[in-house]
Amino acid sequence: MKYRECLKAAVCCLGFEEHICRLLSRASNLTAWKLLVMMMYILAAMLILIASKNFSKGEVLFSAHIKSYFLLFQFWPALDFPISKYYWGASRKPLCTQPPITETNTDMEINKIKKQLDQLIPHRLFSHINTTTSAAHSMAKIINPKTTYCRGDQLDVLLEVRDYSGQRKEYGGDFLRARISSPELKAGASGRVADFNNGTYLVSFTLFWVGRVSVSLLLMHPSEGVSALWRARNRGYDKVIFTGQFANGTSLVFSECGLVLNTSAELCQYLDHRDQEAFYCVKPQRVSCDALVQLKSKNKQVSYLSSLEKSLFIRSNVGVKILNSFDPITVSVCNNQTMSLKRKCKPGDWSPVSTGYVWNNTWNLVSCNLSYFHSETQMKVCLKGKLVYILGDSTTRQWMEYFIKHIKTLKSVDLHGFGKLRHQLAVDLERKIYIQWQRHGYPLVGSSSYSAKENEYLAHAIDRIAGDRNTVIVFSVGQHFRLFPIDIFIRRAINVHNAIKRLFQRSPETKVILKGETTREIDNDSERLSDFHGYIQSLVLKDIFQDLAVGVIDGWDMTIAYGINEVHPPEYVVENQINMFLNYIC
């Protein structure tokens, strides 16, 4: 069989007539193949006869054309391509059984987005930390200050950044976090930052509520740190070590796994050829690749930052408050103000940079009106007859836990998995409510073991859902991807986008909700987990999904408004995420 496939590939590659290739593909018995082999020998003899005569220019070209094909067959396996360029098809089989690798539309889209990000993110070198941005030496002041501020006004703040020597910076690119808040009112909102690329920034806030309002500007990372993080992120796949557990009868065998493995050892290749996703394990001796049953991971002691660059990410240099030259302001209701009526929220709403604000610990949207599903009865009425698929990481698993806790009639169904990352199902048979949580596919980072048999990429999970007007899908990707080069995240987002597009073609009434990236702990490992990585991923998600009628829960804007720095936000934040979700579907 292998001989037949190689022969067919060789004939077709040599550019012979289409009908010969078709004949080869249809031949199914030994006699036909013997005849074709004899034809090949006759053809070879004719070529030798022609070669013995004087060559014309055209004949020389034809001979060179054939020689090039044979050279390609001889030397292709020895070419040392970077594994990240072809890992989804990294088969160790001969070329005759494998189609040539070409750049797909997805590859072109990934490269386009990466190029845009490279242009957005500064490339800064520095020789001493004193030349980088210093929060203590920078200053913020209000532009055109007023004696009276009205609710709905815009507050503009000019930020001028300086280095540790007090010299004004001549370029921008600093990663800043802007927020207004009134702690006594449990109110907060994020600000919009405009970078003039000359060491000055315009920070704008909308004054959403009445009361005493404070302004907070944090220097998360200087532009030099941003540049270092971006370069370090995209240099390697080896910041995390995955350990695979293979079952071999009554014994267990452990092996190294990963998205990319730079080794000459024989690999188990877990490939998704359609979407060009891949995961690998070093193949244990005398154990089948199908015997992979569990995985876990830990950080590898590797860094792509220099010692000087690392000094930018010690805790005292991350998230440092920039001094204001002004006191908190007081916002009032002005006599001529009226509240404009807003329409109901619906999927497909793409809001401006600041999508909402918090008041009395409750999330409010700028562009549309939110109802509040605070009681168990209200949630039951909304979810009645609904089939809800919650897909993603542990931040969406919090949703599953919230539903089970607050809807007493929801009963968990034991699916016989193990660990926190097992699939979960809860049903209310009387009201025909079905809620399922499923984790996204590799990579999943964590020290706890999880089942490798339950791995499924989100695009395939969505493809399995038929969809109808009572079907709802919530998905989230983000936190686990921060530790890997950005192309992994972009590819996953594009594949999910394409799956949702297919879903809408077969079932336009299905509702799909995207829960965006959120902030997390500041004191964690910046090289792997910095919120800068999360911010870039939030930009990527908005860019990729903006053409689809999906509901968006802007987790980034929401967690900044709440002032939350936890990967798993407290329950009152989760409650407001779910309330927004219920507004989209009811």
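Let me begin with a pair of strands: strand E3, residues 154-163, and strand E7, residues 200-206, run antiparallel and are joined by seven bridges. What we are looking at is a predicted model. Within that pairing, Gln 154 stands opposite Thr 206 in E7.

The two strands belong to an open sheet of four strands, in the order E1-E3-E7-E6, with antiparallel pairing. Its edges are strand E1, residues 133-142, and strand E6, residues 192-195, each of which pairs on one side only. On average, neighbouring strands in this sheet are turned by 25 degrees against each other, direction ignored.

I turn now to the disulfides. How many disulfides does the model have? The count comes to five, and I shall discuss several of them, including the pair formed by Cys 268 and Cys 289.

In that pair the sulfur atoms lie 2.0 Å apart. The torsion about the S-S bond is about -85 degrees, so this disulfide is left-handed. Cys 268 sits in strand E11, residues 267-272, while Cys 289 sits in the loop between strand E12 (277-282) and strand E13 (292-299); the pair therefore ties together parts that are 21 residues apart in sequence. Are these two cysteines buried or exposed? Cys 268 counts as buried because its relative accessibility is 0%, whereas Cys 289, at 21%, counts as partly exposed. The cut-off for buried is under 20%.

The next disulfide joins Cys 345 and Cys 368, again with sulfur atoms 2.0 Å apart. With 95 degrees about the S-S bond, this link is right-handed. Cys 345 is found in the loop between strand E15 (329-332) and strand E16 (356-359), and Cys 368 in the loop between E17 and H9, so the bond ties together parts 23 residues apart in sequence. Both ends are buried: Cys 345 has a relative accessibility of 3%, and Cys 368 has one of 1%.

Ser 371 counts as partly exposed, because its relative accessibility is 39%. From Ser 371 to Cys 345 the C-alpha distance is 9.2 Å, although the two residues are 26 apart in sequence. Which residues does Ser 371 touch, not counting those up to four places away in sequence? They are Asn 579 and Asn 583.

The torsion about the S-S bond is about 95 degrees, so the disulfide is right-handed. It links distant parts of the chain: Cys 382 is in helix H9 and Cys 586 is in the segment after helix H16 (571-585), 204 residues apart. Cys 382 is buried, with a relative accessible area of 3%, while Cys 586 is partly exposed, with 32%.

Leaving aside neighbours within four places in sequence, Thr 518 is in contact with Gln 479, Arg 482, Asp 531, Gly 555, Trp 556, Thr 559, Val 567 and Gln 577.

Terms used:
Residues numbered from 1 in each chain as written. Predicted model: local features only at pLDDT ≥ 70, side-chain atom pairs only at ≥ 80, totals over all residues. Heavy atoms only, no water. Buried < 20%, exposed > 50% of the residue type's maximum accessible area, 1.4 Å probe, protein only. Contact = heavy atoms within 4.5 Å. Disulfide = S-S within 2.5 Å. Pairing = 2+ DSSP bridges. Axes fitted to C-alpha atoms, helices over the stretch in contact; angles between N-to-C directions.
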